[in-house]
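The points after it are grouped by topic.

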Amino acid sequence: MPFARLASTTTPTAHIGLGLAAVGRPGYINLHRDRDLPDERTADALRSRTHELLDAAYAQGVRYFDAARSYGRSEEFLADWLKARPEVSDVVIGSKWGYTYTADWSVDAEAHEVKDHSLAAYERQRAETAALLGDRLDLYQIHSVTPDSPALTDKELHARLAELAAEGVSVGLSTSGPAQADAIRAALAVTVDGEPLFRTVQATYNALETSAGPALADAHAAGLTVIVKEAMANGRLAGTEGPAAVREIATEEGLGSDAVALALVLHQPWAGVVLSGAATVGQLAGNLHAAVLDLDEERRARLDALVEEPEAYWRHRASLPWS
């Protein structure tokens, strides 16, 4: 398991990873991107921003970097950074397949990504990822699995993924939607030749959406590494957008709301790595304070009161505009 490399580190920030969804393409659904990104979101501008973030993250102890085929040119930007820094050998690199980026570098595209969990899509995207990341890839995840995904039942696909695992690349999945728990539990039952196929699961969990928590605890108990995405609910828990309880705790600590939101997830006993989706170096620095923020029982109770019904949370997320 590649994440075993992180087990021996004593740096608290090693349990925070950097996700590249917000900087690998010009459009995404995080709030206030107009304030976070350059006015001219050219490929060169976002490549530079990605490299700045990777440099800052690595310097501050972050050791997991997360990309995807659908995150625009994130794999390319990450590959360029790795090639320019051959001394960086202690990081874990993950990517995802299952969505194809279709926005053609436009914020106003009718469709930004198209989902396809077929074996043909895997074969095509695996070759594309290999061309960029080569043997630096440690983890390949199926992107946004839901309970009805054919990726949970396609035995031929499972066999091909098992071949990838035999080559030394861990196989995982990410989940999305109000039935994440069902998808996670179905994934735990997937085996090839009697052995569990998936070694990691990446899921949305935050102060507003906690429904996957029990299933993530089951995954952790089964030996999977749990990676948490969207800990700040696409910006809804950060800055002035944060609910009063989040902002009050942040004020008490002299930190940002983002640190409080991330700290809540880091306090979950099953959380292996929690992703920062920072788009600026300043945001990243604020996020990393979460690693040393203590949340006692009273504070956690205040945050527990923020939970929304999963269906309502995911409806709201689906309504967020690409910008």
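Leaving aside neighbours within four places in sequence, valine 62 is in contact with Thr13, Ile16, Gly17, Leu18, Ala57 and Leu288, where contact means heavy atoms within 4.5 Å. The model is predicted, so local features need pLDDT of at least 70 and side-chain atom pairs count only at pLDDT 80 or more, while totals for chains, interfaces and linings use all residues. Residues are numbered from 1 along each chain as its sequence is written, and side-chain values use heavy atoms, with hydrogens and water left out.

- Valine 62 is found in the loop between H3 and strand E2 (64-66); helices (H or I, at least four residues) and strands (E, at least two) are DSSP runs, numbered from the N terminus.
- Valine 62 is buried, with a relative accessible area of 1%; buried means under 20% relative accessible area, exposed over 50%, and partly exposed in between (1.4 Å probe, protein chains only).
- Between valine 62 and leucine 275 there are 213 residues of separation in sequence, and their C-alpha atoms are 9.9 Å apart in space.

- Leucine 275 in E12 stands opposite glycine 17, and 3 bridges join E12 to strand E1 (residues 16-19), the two running parallel.
- E12 also pairs in the parallel sense with strand E11 (residues 225-229), over 2 bridges; two strands pair if DSSP finds at least two bridges between them.
- Valine 273 in E12 is the bridge partner of isoleucine 227.
- Both faces of E12 are covered, with Val273 and Leu275 buried on one side and Val274 and Ser276 buried on the other.
- In a regular strand the side chains alternate between the two faces of the sheet.
- The buried residues of H11 are Leu284, Gly286, Asn287 and Leu288, and they pack against E1, helix H3 (43-59), H10 and E12.

**Strand E10**

- In strand E10 (residues 200-204), 5 of its 5 residues are buried.
- Thr200, Gln202 and Thr204 point one way from E10, and Val201 and Ala203 point the other way.
- E10 is joined to E11 by 5 bridges, and the two strands run parallel; valine 201 has valine 226 in E11 as its bridge partner.
- Strand E7 (residues 170-175) pairs with E10 in the parallel sense over 3 bridges, and glycine 172 has threonine 200 in E10 as its bridge partner.

**Nonpolar cores**

- The largest nonpolar core has 94 residues, of which Leu18, Phe65, Leu78, Phe198 and Leu216 touch the most other members; such a core is a set of buried Ala, Val, Leu, Ile, Met, Phe, Trp, Tyr and Cys residues joined through side-chain atoms within 4.5 Å.
- Helix H10 (residues 257-266) gives the largest share of this core, 7 residues.
- Apart from this core lies another, of 8 residues, among them Phe3, Val92, Ile227 and Val273.

**Largest pocket**

- About 1000 Å³ of space lies in the largest pocket; on a 1 Å grid over the protein atoms alone, a pocket is an open set of points where a 1.4 Å probe fits, with protein on both sides within 12 Å along at least five of seven lines.
- The volume is the space filled by probe spheres set on the points, which are joined across faces, edges and corners.
- The lining has 46 residues, of which Tyr28, Ile29, Asn30, Glu230 and Asn234 lie nearest the pocket centre; lining residues have an atom within 4 Å of a point.
- Elements that each supply at least two lining residues include strand E12 (273-276), helix H11 (281-288) and helix H13 (310-319).
- The lining divides into 18 nonpolar, 16 polar and 12 charged residues; Ala, Val, Leu, Ile, Met, Phe, Trp, Tyr, Cys and Pro count as nonpolar, Asp, Glu, Lys and Arg as charged, and the others, Gly among them, as polar.

**Helix H5**

- Alanine 127 is found in helix H5 (residues 119-133) and counts as partly exposed at 48% relative accessibility.
- Threonine 129, also in helix H5, counts as buried at 1% relative accessibility.
- Leaving aside neighbours within four places in sequence, threonine 129 is in contact with Arg69, Glu75, Gly134, Leu137 and Tyr140.

**Positive phi values**

- Aspartate 193 has a phi near 55°, a positive value in a residue other than glycine, and is exposed, with a relative accessible area of 79%.
- Alanine 233 has a phi near 50° and counts as buried at 1% relative accessibility.
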